[in-house]
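Student: I would like to go through the labels used for this structure. Please set each label against its cut-off.

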Amino acid sequence: MRDFLGRKSQLPLRKEPEKREDQLHQQETIYSFPLSKFQALLPVFSTFKPPPKEQSPPMEKHQYGFALSFSIVVSLGLASFLSCIAAELKRTKIKDIKLDGKLCYLPGSHAFGFGIAALVCLLIAQIIGNLIICMNSCSREERNDCKTRRPRITSILLSISWLSFGIAVILMSGAISMSRSQPYGKGWLDGECYLVKDGTYIGSAILVLITIGSTLGSAITTKRKSQTDKGQKIHAQVG
């Protein structure tokens, strides 16, 4: 290197740009290593999925629904039975009749309200019980095979249930109607007063127990038949 007079300078040459390039190259190598490592891990993170949430199988949900419906039917049947007993205790007696010549008067009693409660509870219980039977005997996939899948004992119990239900409804309806107030000159029928016979509500209570018992028995037999059919299908598929 020469100075402004043309003489050679003994000063050392500056090599700072080369050092900076070396430093930049080192920095690039330093930062490029973990970056490449991170890029290599990207496919692993992209394919990672969180484990699915545990869900109860549909079989357990179906069992919970059956148990809940079963308990509702039992509760309604018990409420209907107790209402019939209360109506029998609160019904009108002969001593409650008031006469005015040929006219009669019979006041209303609390048996009317208890009879209505018994009839409503029995009706709801019968509907829910038959829905349980239909859901267990007729699957969504085999609607046309309902009659063949229903056991004979189920049909017998179901017939007893509906027969006793019809008789109970007739008895309770007549007794409820007679439990209302029967004013002078009108009575219950043709101006005459009528009393509910002894044991009418007791007989209705017994019919309620027969109805609920046969309905639940039919539902249980249908449930067992459905479970055995599903088990046979599973074994046939596995085999």
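Tutor: Start with burial: a residue is buried under 20% relative accessible area, exposed over 50%, and partly exposed in between (1.4 Å probe, protein chains only). The model is predicted, so local features need pLDDT of at least 70 and side-chain atom pairs count only at pLDDT 80 or more, while totals for chains, interfaces and linings use all residues. Residues are numbered from 1 along each chain as its sequence is written, and side-chain values use heavy atoms, with hydrogens and water left out.

Student: Why is Asp 198 called exposed?

Tutor: Asp 198 has a relative accessible area of 62%. The cut-off for exposed is over 50%, so the label applies to Asp 198.

Student: What makes Arg 91 and Asp 198 a salt bridge?

Tutor: A salt bridge is a side-chain nitrogen of Lys or Arg within 4 Å of a carboxyl oxygen of Asp or Glu. Between Arg 91 and Asp 198 the N to O distance is 1.9 Å, so the pair meets the definition. This pair links distant parts of the chain, 107 residues apart: Arg 91 is in the loop between α2 (58–90) and β1 (98–100), and Asp 198 is in the loop between α5 and α6. The helices (H or I, at least four residues) and strands (E, at least two) are DSSP runs, numbered from the N terminus.

Student: How many salt bridges does a search of the whole structure find?

Tutor: The search finds two. In the other entry, the side chains of Arg 91 and Glu 88 meet at 3.2 Å, N to O. In general, side chains of opposite charge can pair when their charged atoms come close.

Student: Are Arg 91 and Glu 88 buried or exposed?

Tutor: Arg 91 has a relative accessible area of 11%, so it is buried. Glu 88 is at 12%, so it is buried as well.

Student: Why is the pair of Tyr 105 and Tyr 184 called stacked?

Tutor: The search of the whole structure finds three aromatic pairs. Rings of Phe, Tyr and Trp (its six-membered ring) pair if their centres lie within 6.5 Å; planes under 30 degrees apart count as stacked, over 60 as edge-to-face and the rest as tilted. For Tyr 105 and Tyr 184 the centres are 5.4 Å apart and the planes 25° apart, so the pair is stacked. Tyr 105 is in strand β2 (residues 103–105) and Tyr 184 in the loop between α5 (152–178) and α6 (200–238), 79 residues apart. Tyr 105, at 24%, is partly exposed, and Tyr 184, at 38%, is partly exposed too.

Student: What makes the pair of Trp 188 and Tyr 194 edge-to-face?

Tutor: Their centres are 5.2 Å apart and their planes 65° apart, so the angle is over 60 and the pair is edge-to-face. Trp 188 is partly exposed at 32%, and Tyr 194 is partly exposed at 29%.

Student: How do you know that Asn 130 is buried?

Tutor: Asn 130 lies in helix α3 (residues 111–137). The relative accessible area of Asn 130 is 12%, so Asn 130 is buried. Contact means heavy atoms within 4.5 Å. Leaving aside neighbours within four places in sequence, Asn 130 is in contact with Leu 158, Trp 162 and Thr 215.

Student: What joins the side chains of Asn 130 and Trp 162?

Tutor: A polar contact of 3.0 Å joins them. A polar contact is a pair of N or O atoms within 3.5 Å; within protein, one must be able to donate a hydrogen and the other to accept it, and residues adjacent in sequence count only if both atoms are side-chain atoms. The distance of 3.0 Å is within that cut-off.

Student: Why is Thr 215 called buried?

Tutor: Thr 215 lies in helix α6. Its relative accessible area is 1%, so Thr 215 is buried. Not counting residues up to four places away in sequence, Thr 215 touches Gln 126, Gly 129, Asn 130, Ile 133 and Ser 161.
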